[in-house]
Amino acid sequence: MTLPIVAASSDDSLDESTLTPFSTGVGSSWLDLNATTNTNGAHGLDDMKFVSMASSAVETTSFSNEEAAAEGDPKLHANTAQNRSSTVTQRTELEALSLNVEKTTKRTRFLALLVVLIGAAAAAAFLALGITSANQDASDLFLGRARTIGVEIGTSWRDYETAALWIQESCRDWRHTNYTRDDFALLYEFIRRMPLDFYGMEWVPNITHDERASFEQEGKRGWKLEEPPQQPTGQHLLWHEEDEQQQEDGYTGFMGQEPDPDNPGELMYTERSEQPFYFPIHFAEPMEDHINVAHYDLYSAPWERSAIDKALQTGQPALTERFELQGQEAGSGYSVVFYHPGPTLDNTKFETKPKDLALMVIHIQSLLQRMARRTNKQEYAKVYLYDKTNPHKDPAFLSALEILGDDDDDETTQQSNTRPLPERPFAELAQSHSDKFYFEQDFPVGGRTWVTVVVPVDGTTGSQSGSIILSGVLMFVASLLLAAWMIHNMQQSIRIHRVMTKAAAEATIVSEMFPANVCRRLIQEAEDKNQSAFFGGSDIRMAISSMPEPQQTNNNNNNSPTEPTETSSEPNPTDLIFGGTKPIADLHPYTTVMYANLCGFTAWASTRTPSQVFLLLEVVYHGFDSLAKKHGVYKVETVGDHYIAAAGLPKPRKNHAVAVAKFATECLYKVQKCVKTLETTLGPETGELGCKFGIHSGQVVGGVLRGEKGRFQLFGDTVIKASVMESRGVRNKIQVSAETAELLEKAGRKNWLIQREDSILLNGKSIPSFFLHITRGLRNNDPVLGHLPRTIHVDDKPSRLVEWNVAVLSGFLKSIIARRNLASKREAAIEGEGTKSKVRWQSSPSGKMVLDEVKDVITFPRFNASASRKQVDTGDIELDKAVTEQLQTLVTMIAGMYRDNPFHSFEHASHCALSVTKMMERIVNPRDVEARKQTRRFSSDYKLEAALHDHTFGITSDPLTQFACVFSALCLDLDHPGVPNSVLAEEKTIMARKYNGKSIAEQNSLDLAWDLLTKPAYEQLRDCLCSDDEEMRRFRSLVVNSVMATDISDKELGAARAYRWHRAFGDEDDWAGQQEGQQVKVNRKATIVVEYMIQASDVAHTMQHWHVYQKWNERRFHEAYKAYMEGRIKQDPTYIWYDGELEVFDMYVIPLAKNLFTCGVFGLSSDEFLNYALNNRKDWVANGEQAIQKYLETYEERYGI
């Protein structure tokens, strides 16, 4: 065994803290300990390093032997004398080397001075160039951020254009579709939930004179006013002075602005005169702000007419001039009216047949606030908007906003701090800032020209010269340190021959496994064995001890066999195995032992891959190890999710109970912090893990069970009782025994203890116990625990779930880029340079239901051997910042579109995404892959990948499919109303009517998700996701088939899916008459496997640990019971839940698990799914009725019913 040589002090006691690697400036020295007895091992070597190694090794052995001789061991006297002679020889060689010390010293000092001079020159040059570039960087940084703000203003405005277009498209055929004011109110609520902030929205149709009478009749029926209408107070009418004429009747017909006969040149509000056509307000929201402007003809107002004419003449959206809203906050800027004629207006028909218009009243401050939410939360800027449409006038001020960035590192903060700014003339603003920190950009919108001006917030434009100066100083300091190190290293080399070393064996035995005193005894035993083996004594003793005893013969000399005598005996087993040496064991009378166990770990691990399980344990246990070193607690071992530690051994200490109590307290906080942090990496439910601790004090026996993989262990009642304290403890609490409590009281820590109300039974006896609770005041006064947080880490689970989903989807995006053909990408970039993406993304097709898009066979890409050979490691790929931000926003928006349901929630969607991710990671048996590599069945990795591609029907080779599966899992229950489709169909909701009562929730979820993804705000994300129309269509098909596969109540869908399964994996003889190509068969199998994978993820809790199944089954029951209490479900689920779950297992879950096994894709995972499903069904039969009663109790506690 080769052992590292270490340098130590002359003190013969072992102190691990003083051991440092032996170095000559070249590297650590290594030498075989068994070769150190060779006195000629280093003779003839001229190199200092090897001479020093040999000398150190000889001195080590000599020193150890002298210690043994001093203790009276006669066997080592001869060897000690021989080693002393070798030591003298090696020291003579080292003395010869010391003649060159003076030359070495001068040379080293000269080099050190040269290093200092070079460092000073480099630091000066760095400072000169750095400060100059820092000032320029500050200007570039500001202009870059200002451009981003300009882009975000345009993006935010397009959201308003999109909303106006929704109004236009929703109301376009209102005459023929019986579109009602309730429909318009529903559209208003939907747009407000985007969320989009605006003052009001209206539908303004073009009504001819012949239609006026019928519309006025309809108005009398529809606009039922509780009081006579007053002067119009619609938002965009408020900046004009009108007559205060009161109408005595209710609805008064078409109203408008007419010439005032008493005041020539003025207008008055009165009944509208006869005109060829009108633009009355037909629908308006919010209703309370528009109740007095029913059928008010906007075309009668000159200030409205110009915008209407512009919209009709150009066929493009048009804006009015600025105005102030009545009642708005002073100094918050102005507002505008936005008219949208729709996308298909015919310019040649405007004069003869005007079209209808959608109208929105927008407060410009809301536009700027929306922009601020999109920007980086650390932005600091002042943003001004002006209208410079009229070239003959100064630009008109619209609104201004100051963005005050939030420097807090908390990433859960979604936006910066903002405040409105007062009005400021355009010319004054431009003159008050330098060109380096002034940004101006024209912004054409609605037929008008706005200009965006961005200037910095005072005190935020300084260059980062401070860090540059610090860096220059550090460069010079680094040169000084390097010079000092060179001199120090030279001095160390000079002193090498004076250093006495000790045996290196103590430092190389795994110190993490054995205490120092045990290490010494193990090493001494090994040294004795090596010495005996050198002289052959061990073999002789072993041979003698293993020889049989001579048989005793009787005195009669007959031929009868001899009788065994009492003096005959078998060889001692310890002599045969351990050479007669004593066991390494000690009694430690005063110790405290701690057991820690992760609560919920077993259930959590059932939903994770092995690498994720070990990642959690490594992070948590690494934190425990660091705390153990800090408090002087000895880590004994880890067994699964149990962590065992003790104080009072191997070195006795008086305050062992106090040390373990502090250690356990910090470990509890460490666990709570780690699981919250790791949830963004390991996925949902990680943050729900906890830990419980058990502590007991008493005597233990500690030692090493010699043999294979021996380690230090503890035995005794103290260990058993500490384990009982933990196993019968409480989650996130530290339970201590009465013995430990007594020691803490004697140490003055009585206020740490809270006696447990109930007792613990141990061997039939009731024993008291206590909970450890170190108070806040004590922690603040304690030098060790004073740094603990005052409160537990704040739970922000939704944000952590969003971060985890973004990380998973980002990984698949990187895989998509890595797999994409480089040549195709280069060609596409050249052809598309300067143009928009060639992919034609469209929102959900109107007039066609998602259900009609379900395909029997989706075409998957063939295996690309060239791309497989040239594939890039995804770790080397960095996503564009815009793509990452858009993906973050997309997942956040999806999370916000989920309703607050107990079961159909974003948390459940994340659980589905976690399950489908795990299934894709374990889509083949890893052991089979390793076996194929070991048997060299495939000559290269890409051939192995090709075989896996065929075995998994191409799913493993297509990251776009994997992204689609996770995206589908996230969108399965988007906007789910919390009741089954059958209830929605009976209630005849708008959603049910839209989808003809079939797969209502599923189709609605997919439409919402797809419409969100196809918004302009996610253009870069879509370009990264799909490079052409074919990929986009395949992605759409995958999402459609996946989401619709989760509707298991639709019999037609179920029958079609069963047919496809039988066609893909059934007997091929049944389809002998229907010929199809091999690739079509593979695609058919891949399609059905993807659908079944999504189905399995949707009900993954039924095929996971019992505790996971109970958690989600309880939430599903709560959701059904809540619907029953609200009157939406007629039958109480309490009476049908038990049998219903059995039916779900028998008719759906277990057959699904069997199909996953049959398809042969998931390897050992399919056995895991089926076993969990069968075990959960068995446990439900035994415990289901009691579980339902518990569900009712928790429902009452949670909802107060």
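**Notebook: helix contacts, salt bridges and a surface patch**

I began with two helices, α17 (residues 656–682) and α21 (residues 797–819), whose axes come within 7 Å and cross at roughly 35°. The axes are lines fitted to C-alpha atoms, for helices over the stretch in contact, with angles running from 0 to 180 degrees between N-to-C directions; helices (H or I, at least four residues) and strands (E, at least two) are DSSP runs numbered from the N terminus. I looked up the residues in contact (heavy atoms within 4.5 Å), and found K676, E679, T680, T681 and L682 on α17 facing K797, R800, L801, E803, W804 and A807 on α21.

I note that this is a predicted model, in which local features need pLDDT of at least 70 and side-chain atom pairs count only at pLDDT 80 or more, while totals for chains, interfaces and linings use all residues. Residues are numbered from 1 along each chain as its sequence is written, and side-chain values use heavy atoms, with hydrogens and water left out.

Next I turned to salt bridges (a side-chain nitrogen of Lys or Arg within 4 Å of a carboxyl oxygen of Asp or Glu), of which the structure holds 32. In one of them E679 pairs with R800, the closest N and O atoms being 2.5 Å apart. Because E679 lies in helix α17 and R800 in helix α21, the pair ties together parts that are 121 residues apart in sequence. Both E679 and R800 are buried, where buried means under 20% relative accessible area, exposed over 50%, and partly exposed in between (1.4 Å probe, protein chains only).

I then followed the salt bridge between E688 and K1111, at 3.1 Å from N to O. E688 lies in the loop between α17 and β22 (690–704) and K1111 in helix α36 (residues 1106–1125), so this pair ties together parts 423 residues apart in sequence. E688 is partly exposed, with a relative accessible area of 32%, whereas K1111 counts as buried at 16% relative accessibility. K1111 also meets E907 in a salt bridge (3.6 Å, N to O), and E907 belongs to helix α25 (residues 906–921), 204 residues from K1111. Through shared partners, salt bridges join E685, E688, E907, K1111 and R1115 into one network.

Last, I checked K721 in helix α18 (residues 717–727), which is buried, with a relative accessible area of 15%. Not counting residues up to four places away in sequence, K721 touches H696, S737, E739, L762 and I767. By contrast, I found that L481, in helix α10, counts as exposed at 56% relative accessibility.
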